[in-house]
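Dear colleague,

Please find below the structure for your records. My findings follow directly after it.

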Amino acid sequence: MHNKEKSLIKKAITNNREAQQLLFEEYSPKMLGVCRQYVKDLHHAEDLLLQSFLKVFTNLHRFKHEGSFEGWIRIIMVNTCITYLRKKNLIDLSDEDYVFNDSATESLENTSVEDIQKLIDQLPEGYKIVFNLYAIEGYKHSEIAEKLEISESTSKTQLFKARKLLQKNYIKMNKVVHENE
């Protein structure tokens, strides 16, 4: 796959539409999932996916084949989503207090991916973005702080609150499921 991928990238750089289409078909399903992690609305996520792929193909000549191509595309997707949320003033990194329950130790093993995504979607935007960047994308707090133009301590606080709220909502979701059985 690696040599095939390199060949496709070379062709796509020369605006070969077939190569671009093949790269899009290969990576778009996974990258739509990345966009969906940041944007609840599927139609907006699809729009951001297309905008991101336009950036991918426009900047393909900058890909240095250092690290994975998928990782490079993923960074573009995340940055496009964050830019969109920032422009729409949807990033709220307020310190609004929530009351948390510290008694949750239940496992996520029997929880579907869809249910986990619903729980993440319920987070306030600021919490969700920091949670995704840290827990899913693997960014460090210093990198998140720089990317979102916040302090490191704000990033850490947002992550802590996101985790606590996820925990609280997970417990609430399980109570509803068990009551309906």
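**Overall architecture**

Of the 181 residues in the protein chain, 41% count as buried. Please note that this is a predicted model. The protein chain contains eight helices and zero strands, and its pattern along the sequence reads α-α-α-α-α-α-α-α. Among contacts between residues at least 6 apart in sequence, 70% join residues at least 24 apart.

**Helix 6 and helix 7**

The axes of helix 6 (residues 125-136) and helix 7 (residues 141-148) come within 10 Å and cross at roughly 135°. The crossing of helix 6 with helix 7 is right-handed.

On the helix 6 side, the contact is made by Ile129, Val130, Leu133 and Tyr134; on the helix 7 side, by His141, Ile144, Lys147 and Leu148. The residues of this contact comprise six nonpolar, one polar and one charged.

**The buried side of helix 7**

Which residues of helix 7 are buried? They are His141, Ile144, Ala145 and Leu148. These residues lie on the same side of helix 7, because they cover an arc of only 100° around the axis. In general, an α-helix has 3.6 residues a turn, so residues three or four places apart point the same way.

Helix 7 is followed by glutamate 149, which has a positive phi, near 60°.

With kind regards

Notes: Residues are numbered from 1 along each chain as its sequence is written. This is a predicted model: local features need pLDDT of at least 70, side-chain atom pairs count only at pLDDT 80 or more; totals for chains, interfaces and linings use all residues. Side-chain values use heavy atoms; hydrogens and water are left out. Axes are lines fitted to C-alpha atoms, for helices over the stretch in contact, and angles run from 0 to 180 degrees between N-to-C directions. Helices (H or I, at least four residues) and strands (E, at least two) are DSSP runs, numbered from the N terminus. A crossing is left-handed if the near helix is turned anticlockwise from the far one by less than a right angle, and right-handed if clockwise. Contact means heavy atoms within 4.5 Å. Ala, Val, Leu, Ile, Met, Phe, Trp, Tyr, Cys and Pro count as nonpolar, Asp, Glu, Lys and Arg as charged, and the others, Gly among them, as polar. Buried means under 20% relative accessible area, exposed over 50%, partly exposed in between (1.4 Å probe, protein chains only). The arc is that of the directions from the helix axis to the C-beta atoms.
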